Structure formats: C-alpha cells, structure tokens
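I set out to record what I looked up in this structure, entry by entry.

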Amino acid sequence: MSFGYDEDFVSPIDEDLQCSICYLALREPVLTRCGHRFCRQCLDRHMARQKSQQQVVNCPIDREGLAHRKDIFPDKATGRKILSLFIRCPNTGCDWTGELREKKNHFDRCKRKPLKCPNVCGSFIARNKIESHVENECPLTVISCPYALMGCTEKIQRNKVEAHLQSTARIHLALTCSTFKETMEKLDVLQKQVGEFKESNIALSETLEATNSFVTAKVDALASKVDAQSGELASFNSALRAQIDADKREWKAVNVALIFKVHSQAKEVARLTNASPFVWKITGFSDVLKLAKNGRTKSIFTEFYTGKQGYKLNLRVDPDGDQTKRNRYLSLYVCIMKGDYDAILPWPFCEQVTFSVIDQQPDAAQRKNVVVVVRPNETPGFCCRPSVEQNPKLFQFRRLISHKLLKTRRYVKHDTLFLQVEVGRHDSESRDSN
C-alpha cells in the first residue's frame, strides 16, 4: 500500500520530493539522520516490518542504523513545498488546476465529482447532473401517473409505471370516458356561446359604422380649424426666434462671466494647495505583480495631499487589472477623500489631474512617459466635496499600460516602478499606445 500523494501533477516532480519507498510525492515527509526523505507512514511500516522479523532497524537506502526518536525528524519545509505544487482535478471533464493544499476545498464544490444518487438507486452521477438524473432518469423517483390529466391520482416510482398501467387499465379507461364526456358537454356550451358572439358582432359592426361616419365629420372640421391657426403659428414662430436670439446673446455674456469665475477659482486652488507633483515609488514590483496574478493581493493603495493644504486623494493600482485576448494591463483608480483642509478649498474640485508612468531612461530627453489626464467636469459625482470618508465615484484607467509595454524601455528598473500624480495644467497631454 502506497502512502504518498498519487496525484496528476501539472509539472514533473523532482526526485528530492519523492518518497524512496513508494516513489510518490511525499506525504507528511520525514528526514533521516543520513539525509534521506520518506513518507512518515511508509518509513513507519518499513521499520515495523523489520522489528516484527527481529531485524536491525535501518535506512532502506543505505542500511544505516536508525533510532526512531533520535534519527528521524519531520521535514515541514518540504511538506509545505509539496502542498504548493499544482495538480489537475481527477474528475472527468473538470479543467481545474490548483495547489495540492486546495484539493479538498475544490472537491467539496467540484461540479464533476461523482456522487451517489440521493434516491439510492446505485448510480454515481456528476454533481452538476444529479438534479437532471433524479428528475428524468432515476428509476426510484416518484412520479405522477401518465393518466393524471384524466384524473388518476396515483404516485409511483418510475420503474413501476408499466406495472401500474397494466394493473389499472380498466380504471384508466373509465377515467378517460368520463373526461371525454365532460369535454363534449363543455364543447356544446362553447358552441352556443359562439352563436351568441356572432349575433353581438353584427350589432357591433353597425355601431362602428355609425361611429366612423361621426368621427370623419369631426376630423374634417378639425382640419379646417388647423388651417386657420397655421397663420397664427407662423407669426408666433417668428417672435420666438427673435426671443431665442436675444437669449443667446444674454447667455454668451453669462458664459464669459462664468469662465472668469472658474479662472479665479483655479488661482485660489493654486494659492491654497501650493501643489507639487506626488511620486509613488513602487518597489519589489515583480513580487507585487506575482501576488496580483495569483489572486492573493489584487490591489495596492496609497493616499496623499495635492499640496500642503490641498485636496486628499486615494490612489489604487491593480497590477494585473484589465485583460484582453492579446494583453494584460495595469489598471489605475482614483477618488477624492475627506481631507483636513476641505473647509477652505473651492468646491467642486475642478483641477486637471495628470498621471504619468515614468520612463527611467538616464537621458531625460529620450524618456517616453505614459501620460493620462483627468478632467473632473467629464466625470459627474467624482469632484464634489466628500460627505463620507471618500466619494463613491471613482475615475478609472482600466488599461493604463500593458504588461507587454512595461517590459520595454525602462518603465521598471531595478524592480521599481514610479507613478507620478500632478494637479494643475498639463500642456503636453499625450499617451503612448499600449
């Protein structure tokens, strides 16, 4: 009997991770003083057999003597490594792969795992087909008699339907005759009602004809009235156009005043915030990306003020964000948080925000930063003053930069990525294709 893990591993197993007795992946691995690894139960059985035969207990590889308590140690590091190996689901039709330690959790919900029929008919059915089996196939499912529509109220198991039909043929025939008689009586009543409906239809047709003549006369009179009012409508239209032209001139003047007010607010924001670019240095980026791809840490966050007395922003990055058939992308999300200086800041937030993934080329003239720009007036609900910890509306760049582009140039150097946030005007608004 083998005690190791007899699984369908995605990749071949290293010899160091195989039991030297059962030649399977080590289960509860132990390490001997002489440096050999075995499944705990495999080695226990080997030693028990030697003791029963009154032999010296020794290592099955190099025959060096072993004392059970002094020379054999649990190898927990190797055990953790084996549990992290990827395996395939053994159930037919299931495409799941995952770490060995996740096998039990997957089995508890695997739709392809064979389970016993709940009716105990002896069949083993995939979990996702049990309902269909019980409803349509299981011979022990209790169903209604095929003559239920005729009045038979018997409930029998599916495999006993034929016997029931043979034993109750006379009863079914009597029920059928009774149902047929009732149907004929209802048919006679319906035929009488159809005759009455025909008579009512003739009377209704005469009434509709009279109504049609009356409506036609009314429509002709209304058409004459409309013609008379067309001239009045043309005069009103001319007056309305003149009013619209006057309103346009008035709104143009209002718009000029509004633009002046917005510029004044922008100057006030600059004075209060004394904004300077914020640079987020993301170190160990390869580990961050790996954790995101494994689903362990999908997002990373940071918070910052746009200046000494500025707005407070929350920045979130999904290293393994949006995906297409050709590319995977780094995604960026930003929202406004409740800050210490909100009471003295202009609202709504109307400053342009520029996000840049920095190209770390030594020569600044040769850098090709990836740049995107947020204009708050294009995102309703994003720029109002927060009444809770942070505004629920996010501004998002689901495809800020692709993983493919990240590997080019020097966006990631020494395993470090720089993301710059700048509040205010940005004259060279551009974005590299990714």
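This is a predicted model: local features need pLDDT of at least 70, side-chain atom pairs count only at pLDDT 80 or more; totals for chains, interfaces and linings use all residues.

The entries below take the cavity and then the sheet.

**Entry: the cavity.** I asked how many cavities of 30 Å³ or more the structure holds. For the space in the largest cavity, I recorded about 40 Å³.

**Entry: the lining.** I then looked up which residues line the largest cavity. They are Ile282, Val317, Leu330, Val357, Leu400, Ile401, Leu417 and Leu419. I checked which elements give two or more residues to this lining, and these are β16 (395-402) and β18 (416-423). By residue class, I counted eight nonpolar residues in the lining, with no polar and no charged ones.

**Entry: the sheet.** I turned to an open sheet of four strands, and I wrote down its order as β11-β12-β13-β16. The pairing in this sheet is antiparallel. Why is one side of β11 and of β16 left without a neighbour in the sheet? I concluded that β11 (300-305) and β16 stand at the edges and have a single partner strand each, so one side of each lacks a neighbour there. From one strand to the next, I noted that the twist averages 20°.

Entry: I examined strand β12 (residues 312-318) and strand β13 (residues 329-337), which pair in the antiparallel sense over seven bridges. I also looked up which residue stands opposite Arg316, and I found Tyr333 in β13.

Conventions
Residues are numbered from 1 along each chain as its sequence is written. Side-chain values use heavy atoms; hydrogens and water are left out. On a 1 Å grid over the protein atoms alone, a cavity is a set of points where a 1.4 Å probe fits but cannot get out, and a pocket is an open set with protein on both sides within 12 Å along at least five of seven lines; lining residues have an atom within 4 Å of a point. Grid points are joined across faces, edges and corners, and a volume is the space filled by probe spheres set on the points. Ala, Val, Leu, Ile, Met, Phe, Trp, Tyr, Cys and Pro count as nonpolar, Asp, Glu, Lys and Arg as charged, and the others, Gly among them, as polar. Two strands pair if DSSP finds at least two bridges between them. Axes are lines fitted to C-alpha atoms, for helices over the stretch in contact, and angles run from 0 to 180 degrees between N-to-C directions.
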